[in-house]
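Please walk through the structure shown here one region at a time, with the display open beside the text.

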Amino acid sequence: MKSTYLASTALCLALATPALAVEKADVLDNYANMAAAKYADSLASAKVLQTAINTLVASPSSENLEAAKAAWLSARVPYQQTEVFRFGNAIVDDWEGKVNAWPLDEGLIDYVASSYGGPTDENAAATLNVIANTSFTLSGETVDASTITPALLENTLQEADGVEANVATGYHAIEFLLWGQDLNGHGSGAGNRPWTDYAQGDACTNDNCDRRVEYLVAATDLLISDLEWITGQWADDGAARAELMADSDAGIAAILTGMGSLSYGETAGERMRLGVMLNDPEEEHSCFADNTHNDHFYNGVGIQSVYLGSYTSINGTIVSGPSLSDLVAATDPALDLEMKTKLSNAVLALGRIKTAAEAGFTYDMMLERGNAAGEALIMGGVNGLIDQTRSIERVIAVLGADGIEIEGSDSLDNPDAVFQ
C-alpha cells in the first residue's frame with residue numbers, strides 16, 4: 001500500500017507542478033553534449049585498455065593478461081551507453097559496425113577448436129586464421145598479410161567477401177584475442193586463452209605468438225582511431241552535431257528513433273529474445289568474456305540517460321540540461337511520469353540479470369533449454385524493454401514526431417520466421 005501511495009503522490013505532484021518551457025534546440029544541444037561526453041569516456045577508457053595491452057605484449061604474464069581483460073571490461077561500460085545514439089543518427093550508424101559488430105566467426109582471426117568446423121557455403125573464410133597465414137586468397141585475389149596492420153584489418157578483412165560475420169575489428173575482435181573461445185557451452189566459465197599465447201620464443205603456445213601480438217596491437221590502435229573520429233563528430237564543430245541541430249523536429253525524431261530501436265528490435269529482440277528462442281550461448285553479445293549481462297544493463301542505462309538528459313562521466317562530471325522529459329512534461333505530465341517509471345523498471349529488470357550473473361549464474365547458463373529461472377530473468381528484461389518501447393511510442397505521438405520507424409526483430413514480430 002505504501003508504494004501505491006507514493007506513486008499516487010508523485011503523480012499528483014507531477015500534474016500539479018507547471019513544467020518550465022523548454023526549446024527543442026536546447027534539448028538537442030544537451031543530447032549532443034551527452035554524446036560528446038560518452039564517446040570521450042569511451043575513448044579515454046579504450047586508451048587505458050591500449051596501455052594494458054601494450055604492457056601485456058611487452059611483458060607477457062598471467063597478471064598482465066588479467067589486467068588487459070579488466071581494462072576491456074571497464075571500457076565497455078561507457079561505450080554501451082553510447083549505443084542509444086545509433087539508428088537515428090546516420091553518421092553513427094555508418095560507423096558503428098567497425099567497433100561493435102557481432103557475432104563474429106572467430107576462425108577468421110586465430111586458431112579455434114576442431115569442433116568449430118570449417119568453411120561453409122555462407123562463409124568461405126570462416127576458418128581463414130589470418131594470424132597463422134602470411135598470405136591467403138580472398139574474393140579470388142591473393143592478399144599479402146606478412147605484416148598485420150590496422151589497414152589490413154579495416155580495408156581487407158572486415159566483412160571480407162561481403163560476409164557480416166567476418167568481423168576483424170573492434171571490441172569483440174579484441175575480446176576474442178584476450179579471452180579466446182568460450183568452450184564451456186551452457187556451463188560456467190568464459191574463454192580461457194593462456195597468457196603464453198603472447199609469449200615469445202620457446203614459451204609460445206599455439207604458434208604464431210608474434211603475429212598474434214601484431215593483430216592485437218593493430219586492432220587496439222584501430223579502435224582508438226575510430227573512437228577519436230566519432231568523438232570529433234560530436235564536438236562543437238562536428239558533423240554529427242551539425243546534422244542533428246540542422247532541423248529541430250528531425251533531431252527530436254532521431255533521439256526517439258535511437259531510444260525505441262535500441263530498446264525494442266536490437267536489445268529486446270536480436271540480443272535477448274533470439275538467444276532464449278535458440279538456447280544458444282553463441283547468441284551472447286560478449287560471448288568470449290561472458291560480459292553480456294553488462295552489455296544489456298548499460299544499454300538500458302544509456303536509453304534512460306538520454307530521456308532524462310543527464311550523464312555522469314567516469315571522472316564524476318555531470319552533463320545535464322533540457323531533456324525529452326522536459327518536453328513531454330510540458331504537454332503531458334502523466335505520460336512523462338509513465339515514461340520515467342517504465343525506464344526505471346527496465347533498468348531494474350536488466351539489473352537483476354546483472355546481479356545474478358555476477359553471483360555466478362552466468363548469462364550462458366540462463367540460456368540453457370529448460371532453465372526456467374534463467375529464462376524468467378532474461379524475459380523479465382525483454383518485457384521491461386518492450387514495455388518502455390510502448391511508452392516511447394506514446395511519447396512519439398505526443399511530440400508529433402511523425403515518420404519514425406522503430407527497428408523490429410523477427411524474434412518479437414514473427415517468431416516462426418526464426419526457425420525457417
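In this predicted model, the residues that line the largest pocket divide into five nonpolar, two polar and nine charged. The volume of the largest pocket is about 370 Å³. Its lining has 16 residues, and the closest to the centre are Ala-101, Trp-102, Pro-103, Glu-164 and Glu-266. Two elements give two or more residues to this lining: α4, which covers residues 90-100, and α9, which covers residues 248-278. Helix α9 gives the most, with four residues.

The peptide bond that joins Trp-102 and Pro-103 is cis, with an omega of about -15 degrees. Pro-103 is placed in the loop between α4 and β1. Trp-102 and Pro-103 also take part in lining the largest cavity, together with Leu-104, His-172, Glu-175, Glu-284, His-285, Ser-286, Cys-287 and Phe-288. The volume of this cavity is about 40 Å³. By class, its lining has five nonpolar, three polar and two charged residues. The count of cavities of 30 Å³ or more comes to one.

The next topic is charge. Side chains of opposite charge can pair when their charged atoms come close. How many salt bridges does a search of the whole structure find? The search finds 20. One of them is between the side chains of Arg-271 and Glu-83, at 2.6 Å from N to O. Arg-271 belongs to helix α9 and Glu-83 to the loop between α3 and α4, so this pair ties together parts that are 188 residues apart in sequence. Are these two residues buried or exposed? Arg-271 has a relative accessible area of 1% and is therefore buried. Glu-83 counts as buried because its relative accessibility is 0%. The cut-off for buried is under 20%.

Arg-193 takes part in two salt bridges described here. With Asp-110, the side chains meet at 3.1 Å, N to O. This pair links distant parts of the chain: Arg-193 is in the loop between α6 (171-179) and α7 (209-233), while Asp-110 is in the loop between α4 and β1, 83 residues apart. With Asp-197, the closest N and O atoms of the salt bridge are 2.8 Å apart. Arg-193 and Asp-197 are both buried. Elsewhere, salt bridges that share partners join Glu-83, Arg-86, Glu-96, Glu-266 and Arg-271 into one network.

Now turn to the strands. In a regular strand the side chains alternate between the two faces of the sheet. Strand β1 pairs with strand β2, residues 141-144, in the antiparallel sense over four bridges. In this pairing Phe-136 stands opposite Val-143 in β2. The two strands form a hairpin with two residues between them, and Ser-139 in the turn has a positive phi of about 50 degrees.

Positive phi values also occur in loops. Phe-87 has a phi near 70 degrees, which is positive although the residue is not glycine. Phe-87 lies in the loop between α3 and α4. With a relative accessible area of 16%, Phe-87 is buried. Glu-159 is another residue other than glycine with a positive phi, near 55 degrees. The place of Glu-159 is the loop between α5 (150-157) and α6. Glu-159 counts as partly exposed because its relative accessibility is 37%.

Helix α14 has 27 residues, 372-398, and at 1.5 Å a residue it should span 39 Å. Just after α14, Gly-400 takes a positive phi of about 65 degrees.

For a distance across the structure, take Glu-63 and Val-395. They are 332 residues apart in sequence, and their C-alpha atoms are 49 Å apart in space. Glu-63 is in helix α3, residues 62-80. Its relative accessibility is 59%, and therefore Glu-63 counts as exposed.

Technical notes
Residues are numbered from 1 along each chain as its sequence is written. This is a predicted model: local features need pLDDT of at least 70, side-chain atom pairs count only at pLDDT 80 or more; totals for chains, interfaces and linings use all residues. Side-chain values use heavy atoms; hydrogens and water are left out. The expected span of a helix is 1.5 Å times one less than its number of residues. On a 1 Å grid over the protein atoms alone, a cavity is a set of points where a 1.4 Å probe fits but cannot get out, and a pocket is an open set with protein on both sides within 12 Å along at least five of seven lines; lining residues have an atom within 4 Å of a point. Grid points are joined across faces, edges and corners, and a volume is the space filled by probe spheres set on the points. Ala, Val, Leu, Ile, Met, Phe, Trp, Tyr, Cys and Pro count as nonpolar, Asp, Glu, Lys and Arg as charged, and the others, Gly among them, as polar. Two strands pair if DSSP finds at least two bridges between them. Buried means under 20% relative accessible area, exposed over 50%, partly exposed in between (1.4 Å probe, protein chains only). A salt bridge is a side-chain nitrogen of Lys or Arg within 4 Å of a carboxyl oxygen of Asp or Glu.
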